[in-house]
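I opened the notebook to record what I looked up in this structure. The entries follow the order of the look-ups.

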Amino acid sequence: MYLPSLAIIGGLILLIWSADRFVDGATATARAFGMPQLLIGIVIIGFGTSAPEMIVSALSALNGNPGIALGNAYGSNITNIALILGLTALISPLAVNSQALKQELPMLIFITAISALLIYDNEVSRLDAFVLLFIFFIYMSWSIINGLNNKNDSLAREITEELAEQEEMSLKQALMWLLVGLVLLMTSSQLLVWGAVEFAHYFGVSDLVIGLTIVAVGTSLPELASSLAAAKKDQVDLAVGNIIGSNLFNTLAVVGIAGVISPMQIGPEVFNRDMLVMSVLTVALLIFGLGFGKSKKAGKINRFEGLLFFVCYIVYNLYLFQTAV
């Protein structure tokens, strides 16, 4: 197990580093060609932070490991809400002020429901995948138009502030890091997938469980880093926006791309267990994020709610490994 363990650890480290370089290169390239900062934040950084999930799931589908492909997407969504937002809210309560986020939260519920309906038959067909990608195209178009029409929104201001802090680089440097980041993303993802499959076979657990846990946590580390950094700077809308955007990307683009490459037959536990947990957490995020109820300040994920999320993550993972053996 030495080589697979080394592949997982090395693959995760290289994946995180290369994703960061890819985002930096893509951001600087977009700037050089005059793309507005708000669009860079919505499109470039949105794609960049979800690049690990996209590439890992695409390679898993190509290699005939649908469990890792789907587990990575849904597991990352569970990790994003329960672990990342949970830890972030424990450190610093998250007040959701952005009107854009308050519009995206119900949209996330709607898209999660559609995704649940599509996998109810225990299959992600190529038609299902194209439906998800079509919805993703509509969502991105709406996000761009909405973002450009609401430049004074608190999320838009925080994106602009965050981009202003990034290091300037020449177009040549930007293209170099864009290429290097992309190549290393592909290499590290392949290394991670191979190690995860070998690890699963050695311990007698399914590819799905490994995708839901080790791979999902690894590919979600960029979101963890960016959310914690944003919360530390009091950019709370950006911290929550990172998670909502990532979950929308995972549910639509990550599953859609993997399904187009290779349609997936899945076990009933994906719908009955993983989709159920993901849906409950998403509904909880909507309730906490919009602040329903008269007893609390509207739109604030407090420390107690962050603790609830974190406990849910621990319980879910314990249940996974207990039932996987």
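Which residues make a nonpolar surface patch of about 450 Å²? I found F304, L307, L308, V311 and V315. Before going on I noted that this is a predicted model, where local features need pLDDT of at least 70 and side-chain atom pairs count only at pLDDT 80 or more, while totals for chains, interfaces and linings use all residues. Residues are numbered from 1 along each chain as its sequence is written, and side-chain values use heavy atoms, with hydrogens and water left out.

Entry: the patch. Patches are made of residues with over 30% relative accessible area and no salt bridge, with nonpolar side chains (Val, Leu, Ile, Met, Phe, Trp, Tyr) joined within 5 Å and like charges within 9 Å. Areas come from the Shrake-Rupley method with a 1.4 Å probe, and for residues only the protein chains shown count as cover. I placed F304 in helix α11 (residues 303-324); helices (H or I, at least four residues) and strands (E, at least two) are DSSP runs, numbered from the N terminus. F304 counts as exposed because its relative accessibility is 56% (buried is under 20% relative accessible area, exposed over 50%, partly exposed in between, with a 1.4 Å probe and protein chains only).

Entry: I checked helix α7 (residues 171-203) for length: its 33 residues should span 48 Å at 1.5 Å a residue, and the end C-alpha atoms are 47 Å apart, which agrees. The expected span is 1.5 Å times one less than the number of residues. Among the buried residues of α7 I listed A174, G181, L185 and F199. Just after α7, G204 has a positive phi of about 70 degrees. Helix α9 (residues 236-261) has 26 residues and reaches 36 Å from first C-alpha to last, close to the expected 38 Å. I found a kink of about 35 degrees in α9, centred on N250; the bend at a residue is the angle between axes fitted to the seven residues ending there and the seven starting there. In α9, 23 of the 26 residues are buried.

Entry: aromatic pairs. I counted six in the structure. Rings of Phe, Tyr and Trp (its six-membered ring) pair if their centres lie within 6.5 Å; planes under 30 degrees apart count as stacked, over 60 as edge-to-face and the rest as tilted. The pair of W17 and W177 is edge-to-face, because the ring centres are 5.9 Å apart and the planes at 75 degrees. W17 is in helix α1 (residues 2-32) and W177 in helix α7, 160 residues apart. Y120 and F271 are also edge-to-face, with centres 5.1 Å apart and planes at 75 degrees. Ring pairs link F199, Y202 and F203 into a cluster.

Entry: salt bridges. How many are there? I counted three, a salt bridge being a side-chain nitrogen of Lys or Arg within 4 Å of a carboxyl oxygen of Asp or Glu. R21 meets D20 at 3.0 Å, N to O, and D24 at 2.9 Å. R21 and D24 both lie in helix α1, three residues apart, about one turn of the helix. D20, R21 and D24 are linked in a network. R21 is buried, at 17% relative accessible area. D274 and R273 form a salt bridge at 2.7 Å, N to O, and D274 is buried at 0%.
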